[in-house]
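Let's take a walk through this structure together, one step at a time. Have the sequence and the 3D view ready as you read.

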Amino acid sequence: MFARKSNVFLLFMAVNIFLLALVFGHASYGEKNALPYLRGKAQMVKRIGLSDLCLFTDARYARHPSMADLSTPFQDHPMSLEHFPSGTIITPPPHLRSK
Amino acid sequence: MSRFNKQRNILDFTLSSLLRRRTKNSALVIVYTLIVFSLASVLFFTQAIKKEACIVLQNSPEIIVQRIVAGRHDLLPADYIDTIRAITGVQSAKGRLWGYYFEPAAGANYTLMVSEEPGVEVGRIVIGQGVSRTIHANRADIVPFRRYDGSYTSFEVSDILSSESELVSSDLVLISESDFREMMGIRGEYVTDAAVYAKNKRELFMIADKIKRILPDTRPITKDEILRTYEAIFDWRGGILLVILSGAVIAFVILAWDKASGLSSDERREIGILKGIGWETSDVIAMKFWEGAVLSLSSFSLGIILAYIHVFFASSALFEPALKGWSVLYPEFRLVPHMDPLQIATLFFLTVVPYTVSTIVPSWRAATIDPDTVMRL
Amino acid sequence: MIELSDIRKVFNSGKPNEFVAIDGITLSVERDKVVVLKGPSGSGKTTLLSVIGCMTRPTSGRITLSGKEITSLPERFLTEIRRKSFGFVFQQFNLIKGITAMENVILPAYPTGEGFPDLKKRALSLLELFDLSARPITKVEWLSGGEAQRVSIARALVNDPSVIIADEPTAHLDTKLSKDFMEIIGKLKVRRKTIIIASHDPIVYESAAVDRVLEMRDGRILSRATRQ
């Protein structure tokens, strides 16, 4: 006559759990699959001599955070305020914070 | 078998009960899913980038030596490199030539690097995918650049770096040394900084220390510091991440508070009826448990699955406005999927458990009422 | 079948609003008979029904059901006995809104762990018995007064109890529906159910189906009138 509600829910959760398993499977497969590409990238880093990932291209200290020092964001003036949005996302590297 | 059946029966009633207030409960599921989605998306995104940095940047130069003049980065004299080479333990030291170039027409920033990659010759450059996308440049195209003195020069694009390498190369323009020096006006006695390699990796700090002592106007940065930069890069204490986190926590607390602040008189009446027709206290508690669990489990699993699709199939498209900021050149975040079961479990215990508990606890007293109260309803 | 011996129920014992609902109740209810408790409100009818139906424990006294003493059984055994032996029809029907008639009918059977197909079959046959075959998937708010009453009776029967307890069942019904109700009671008696009704409605206590009328006042039983 009509589908039993608990069956519908249990089916829904079974599908979800299956999808979650798929997600984990895809992640582990993806990681293995990506190994050659990662190695290729690592080689490129070595050849060209790179020091940072290209995440943000608006500010210098966001483009090369490991190379920046504390005054880099304030190259213009010691009192100039942070005006790059990417600066709100990333934080100064640990070696600047502790020394 | 009958215990399983009993729980299924109670689940049936719980679902009917939830469907009665369809709008409210749908809204709850949507909000809850969004919370899990945001948190999980941030988690997946930051983890994937950190993991990649950790692997890929293992090959960064072991020590990079910068020069600081009046508190700002300045060019490094080439003879500093000879001094560095002479330090015991140094295997090799090479000058690096690189800088930024702002293209006014596109409004984009490139990173220009001198390199000996195949394809880089005098008059010919190799560009990253991001550059190619931004100025619509393909192989064999001629791209104009402005020199330091205002005059113009141009280069032919001989190759475009792979799209798999975007995360390290998206904004790169690889150029020959003579072209770079001519364009930037940097004389032969100077380089941007130096890349130093040690014979024995364990001596890196010692060598960095020595460099700092011998050349006091320099600032050595070790590979270790580079790697730790990326370990800490998306620290939750950073601006936007803190906002997202706080928002999620507050929204969640509000959700759980709504449940934890007690039952409505309708709900109390219903529990009275159930007890009157033969449900035990434990059956009522089981029903309340299912009420919390159904919403939590559905929202949690949906949130995780959607977050995974968002980050690893849709290149974190929803984060783009925040990540892009003022950048014009924006890399395509094709990240390597990485799932840490421990973190998923933590997220589970921080969301599903408190929510389910906050659904059960206020019902405890109502569930223990004497069945005969139903006679007086 | 049900024996009550010197039953006394006190509410809010020890507090300033202490209240003796029933006192010195001794009675025995025979199998397959219809007993009506008659009396004004406040006479203790509802409390007596609660005590008989194992919904609340008496403050003192003893109850035996089919020879077994049940007064001091722990809650969960009591609940199980109540579920198996008693079916309740409430004054306000007390159906759960927002769910279907059929779901309401099988609700008392959920905790027994019986399989859904069996429950469904029983519910549908009960609904058919009460002329509600067309209504299983209707939400209870859409039922008429008479239909709702019949659903609540069907619900009382889902666990096939031997005793039906009804508290002022005709309070919200018109004459015709009240008479219909007593007709159903007569049919249930034929099906070997023991029925105890509390009511001050003459249509109930003057009905031919009734075997005994017990008059109650101030928590005590006054007279015992037996009818053929």
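Start with two helices of chain B in this predicted model: α1(B) passes α11(B) in a right-handed crossing. Which residues make the contact between them? On the α1(B) side they are B:Gln7, B:Ile10, B:Leu11, B:Phe13, B:Thr14, B:Leu15 and B:Leu18. From α11(B) come B:Asp283, B:Ala286, B:Met287, B:Trp290, B:Glu291 and B:Val294. Sorted by class, this contact has nine nonpolar, two polar and two charged residues.

How are the two helices placed relative to one another? Two packed helices are described by the angle between their axes and the distance between the axes. Here, α1 (residues 2–20) and α11 (residues 281–312) of chain B pack at an angle of about 60°, and their axes are 9 Å apart. The two helices are therefore oblique to each other.

Now look along α1(B) itself. Its 19 residues reach 27 Å from the first C-alpha to the last, close to the 27 Å expected at 1.5 Å a residue. The buried residues of α1(B) are B:Arg8, B:Asn9, B:Ile10, B:Leu11, B:Asp12, B:Phe13, B:Thr14, B:Leu15 and B:Leu18. What covers them includes α2 (22–56) and α11 of chain B, along with α1 (5–48) of chain A and α4 (116–129) of chain C.

Finally, step back to see how chain B meets chain A. In this pairing, 69 residues of chain B are in contact with 51 residues of chain A. On the chain B side, α11(B) gives the most, with seven residues. By class, that side has 38 nonpolar, 19 polar and 12 charged residues.

How values were computed:
Residues numbered from 1 in each chain as written. Chains lettered and ligands numbered in written order. Predicted model: local features only at pLDDT ≥ 70, side-chain atom pairs only at ≥ 80, totals over all residues. Axes fitted to C-alpha atoms, helices over the stretch in contact; angles between N-to-C directions. Helix = DSSP H or I, 4+ residues; strand = E, 2+ residues; numbered from the N terminus. Parallel < 35°, antiparallel > 145°, perpendicular 65-115°, else oblique. Left-handed = near helix turned anticlockwise from the far one by under 90°. Contact = placed C-beta atoms within 7 Å. Nonpolar A, V, L, I, M, F, W, Y, C, P; charged D, E, K, R; others polar. Expected span 1.5 Å × (residues − 1). Buried ≥ 20, exposed ≤ 12 C-beta atoms within 10 Å, placed from the backbone.
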